[in-house]
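Visitor: Please show me how to read the features of a structure, one at a time.

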Amino acid sequence: MTEPGEQSRIEADEARVALAGERWRARSRRVKLYRRILPIIILVLAGGALTWTVFRTVMSGVERKASQNQEVRLDKPLFHGQDAQGRAFTVGAQGAIRDPATGHFRLVGPALKLNLGGRKVTEMTADGGTYNEQARTVTIGPNVRISDGGSGFVLTTPEAVVDTNTGIVTGSKGVQGAGPIGTINASSYAIYDQGQRVVFNGSGDTKISGTITPAGSGE
């Protein structure tokens, strides 16, 4: 005959075994569920990543084409205008591309002419440049060559900035030149009145500072 205390222990053991069995069966069901769900989740994530990559690739191509379509490309353009004193100028190039973001024209092989009237024409060429039509400025470079009809000088410089409203040409990246009174090597220059007056300034090894007029006088 089983003692009451022993019976209680047996019942407690059976309860623990039943509880452990139930926990094991629940864990087994979760494991089976995870085994079915995890591959699906992995496939969904992989498919999502692939879809996003394809989507971004397609969208990048669309955005690039849209940007290209907004650009205005001109073949051998020629812009005409006048400065504040009514003197004519032209801005030509081998090609030009209008930037839709800024409205500026990127110039390829620009060639500018500033007309003093008669034969006094200042001509400028370079490898590239930018024409800001709204601000009325043209910045060209590198390899700028200026044939100045007013002073008779031929100048070479890395960069030239032309204010088409005033007709003034300036540069601060150095300049070399040759003309009726000899050679010039300066740090900066300014051409006023479309060649009627050229001012040079120097620093360091290029100490020159003076003004050249069409008559060939310098100081």
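## Reading the model

Guide: Arg 136 is found in the loop between strands β8 (128-132) and β9. Helices (H or I, at least four residues) and strands (E, at least two) are DSSP runs, numbered from the N terminus. This is a predicted model, in which local features need pLDDT of at least 70, side-chain atom pairs count only at pLDDT 80 or more, and totals for chains, interfaces and linings use all residues. Residues are numbered from 1 along each chain as its sequence is written, and side-chain values use heavy atoms, with hydrogens and water left out.

Visitor: What is the phi of Arg 136?

Guide: Most residues other than glycine have a negative phi, and most peptide bonds are trans. Arg 136 is not a glycine, yet its phi is positive, about 60°. With a relative accessible area of 28%, Arg 136 is partly exposed; buried means under 20% and exposed over 50%, with partly exposed in between (1.4 Å probe, protein chains only).

Visitor: Which peptide bond is cis?

Guide: The bond from Gly 141 to Pro 142 is cis, with omega near 0°. Pro 142 sits in the loop between β9 and β10 (144-147). Asn 143 is in that loop between β9 and β10 too, and its phi is also positive, near 55°. Asn 143 is exposed, at 53% relative accessible area.

Visitor: Which residues form a nonpolar patch on the surface?

Guide: A patch takes residues with over 30% relative accessible area and no salt bridge, joining like charges within 9 Å and nonpolar side chains (Val, Leu, Ile, Met, Phe, Trp, Tyr) within 5 Å. A salt bridge is a side-chain nitrogen of Lys or Arg within 4 Å of a carboxyl oxygen of Asp or Glu. Here the patch consists of Leu 33, Ile 37, Leu 38, Ile 41, Ile 42 and Leu 45, with about 540 Å² of accessible area together, an area from the Shrake-Rupley method with a 1.4 Å probe. Ile 41 lies in helix α1 (residues 4-70) and is partly exposed, at 39%.

Visitor: Is Asn 132 buried or exposed?

Guide: Asn 132, in strand β8, counts as buried at 17% relative accessibility. Its side chain makes a polar contact with the side chain of His 104 (3.1 Å). A polar contact is a pair of N or O atoms within 3.5 Å; within protein, one must be able to donate a hydrogen and the other to accept it, and residues adjacent in sequence count only if both atoms are side-chain atoms. Leaving aside neighbours within four places in sequence, Asn 132 is in contact with His 104 and Thr 137.

Visitor: Where is His 80?

Guide: His 80 is in strand β2 (residues 78-82) and counts as exposed, at 61%. Not counting residues up to four places away in sequence, His 80 touches Phe 89 and Thr 90.

Definitions and conventions: Contact = heavy atoms within 4.5 Å.
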